[in-house]
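Look at the fold below before reading on.

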Amino acid sequence: MRRHGWRTVVGRVLAALALLPAALVLVLFAGAVLGMVRASLGVSVLRGWSAASLDAYRDLAADPLFAEAVGFTLWLVAVSTLASAALALALAGALRHRGPVAKGLAALPVPMPHLLAASIGVLWLAPGGIADRLLGGLPVDLVRDPLGIGIILVYVYKEVPFLALLVLGAWTQEVARREEVAAVHGATRRQRLVWVVWPAIRAPLATGSLVVAAFVLGSFEVPLVIGPNAPQTLSEYALAAGNAGALDGRAVANATLLIASLAALAIALPLARLLGRRG
């Protein structure tokens, strides 16, 4: 009994330690959100909460550039995430029977910083770049494109291998054996994909897609390097507001970042709830 009690205590301690990283992330995120709320209201150490106001949010609501930034950011998030998820499924299907060398080569973009990928994109795709000189001109402008096609291509290049690795991790030998059993019973390839493969890979693919969407929503490196000057993304808008000489620039920047954070939560919470029900 005593030995069993010690095992229970050790198990509870280990379970608590396993939760510490997640708890730390939640504490840091909550602190950052509270800091953004305070700064967006114009509260400072010298002036205190008596100076709190909603002027920054009123300025955002009245600024057409902010509305453009919201629309442009949502466009980039939707297209980049959906395209990356679809291509990741195709890449995972092509790599599942390949060896470690092919999988390693496909995963090369994963550790590459997004800023480096954007810089390489400018080097190759910008007017006067390497591709422009080799081909004698590109049919479309991918750098500074108003639709952000160059931004989307950089994100797709970076995130497709990341999502494909998550899918491959769930597309195990057990799933392959289930596919064989379904094929023996007359299931077509499409039916095997829908009934056998998709239930196994949808959770990691959805979780990875959420990570991609959250990153695109808050990233500013790629849009700043390869994107158009107008419209801006939300992160670029916040950066410009923070660097402006206006006294309320810091409040406007924090209000913008807070709205972007709430948008990420609005995407994450329903998906987490759905995955929990599926589980």
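In which helix is glycine 242 found? Glycine 242 sits in helix H11, residues 234-243. Helices here are DSSP runs of H or I with at least four residues, strands are E runs of at least two, and both are numbered from the N terminus. The model is predicted, so local features need pLDDT of at least 70 and side-chain atom pairs count only at pLDDT 80 or more, while totals for chains, interfaces and linings use all residues. Residues are numbered from 1 along each chain as its sequence is written, and side-chain values use heavy atoms, with hydrogens and water left out.

Stay with glycine 242. Its relative accessible area is 40%, so glycine 242 is partly exposed. The scale is this: buried is under 20% relative accessible area, exposed is over 50%, and partly exposed lies in between, with a 1.4 Å probe and protein chains only. Not counting residues up to four places away in sequence, glycine 242 touches Gly249 and Ala253. Contact means heavy atoms within 4.5 Å. Valine 252 is ten residues from glycine 242 in sequence, and their C-alpha atoms are 7.5 Å apart.

Now the whole chain. It has twelve helices and zero strands. Of its 279 residues, 34% count as buried. Take the contacts with a separation of 6 or more: residues 24 or more positions apart account for 72% of them.

Next, helix packing. Helix H7 (residues 149-170) and helix H9 (residues 189-218) pack at an angle of about 155 degrees, and their axes are 8 Å apart. The axes are lines fitted to C-alpha atoms, for helices over the stretch in contact, and angles run from 0 to 180 degrees between N-to-C directions. The angle therefore makes H7 roughly antiparallel to H9. Angles over 145 degrees get that label; under 35 is roughly parallel, 65 to 115 roughly perpendicular, and the rest oblique. H7 passes H9 in a right-handed crossing. A crossing is right-handed if the near helix is turned clockwise from the far one by less than a right angle, and left-handed if anticlockwise.

Which residues of H7 meet H9? On the H7 side they include Tyr155, Phe162, Leu166 and Ala170. On the H9 side they include Ala200, Pro204, Gly208 and Phe215. By class, this contact of H7 with H9 has 14 nonpolar, two polar and one charged residues. Nonpolar covers Ala, Val, Leu, Ile, Met, Phe, Trp, Tyr, Cys and Pro; charged covers Asp, Glu, Lys and Arg; the others, Gly among them, are polar.

H9 has another partner in H8. H8 and H9 pack at about 165 degrees, with axes 10 Å apart. H8 is therefore roughly antiparallel to H9. Their crossing is right-handed. Val175, Arg178, Glu179, Ala182 and Ala183 in H8 meet Arg192, Val196, Val197 and Ala200 in H9. By class, that contact has six nonpolar, no polar and three charged residues.

Turn to the interior. In soluble globular proteins, nonpolar side chains tend to be buried together. A nonpolar core is a set of buried Ala, Val, Leu, Ile, Met, Phe, Trp, Tyr and Cys residues joined through side-chain atoms within 4.5 Å. The largest one has 37 residues, and Ile151, Trp171 and Val222 touch the most other members. H7 gives the most to this core, with eleven residues. Leaving aside neighbours within four places in sequence, tryptophan 171 is in contact with Ala92, Gly93, Arg96, Glu179, Val197 and Ile201. Apart from this core lies another of 13 residues, among them Ala56, Ala69, Val252 and Ala253.

Beyond four places in sequence, glycine 150 is in contact with Leu142 and Ile226. Proline 223 is 73 residues away along the chain, yet the two C-alpha atoms are separated by 8.8 Å.

Finally, two loops. Arginine 144 lies in the loop between helix H6 (130-135) and H7. It is not a glycine, but has a positive phi of about 65 degrees. Arginine 144 is partly exposed, with a relative accessible area of 39%. Proline 231 lies in the loop between H10 and H11. A cis peptide bond joins alanine 230 and proline 231, with omega about 0 degrees.
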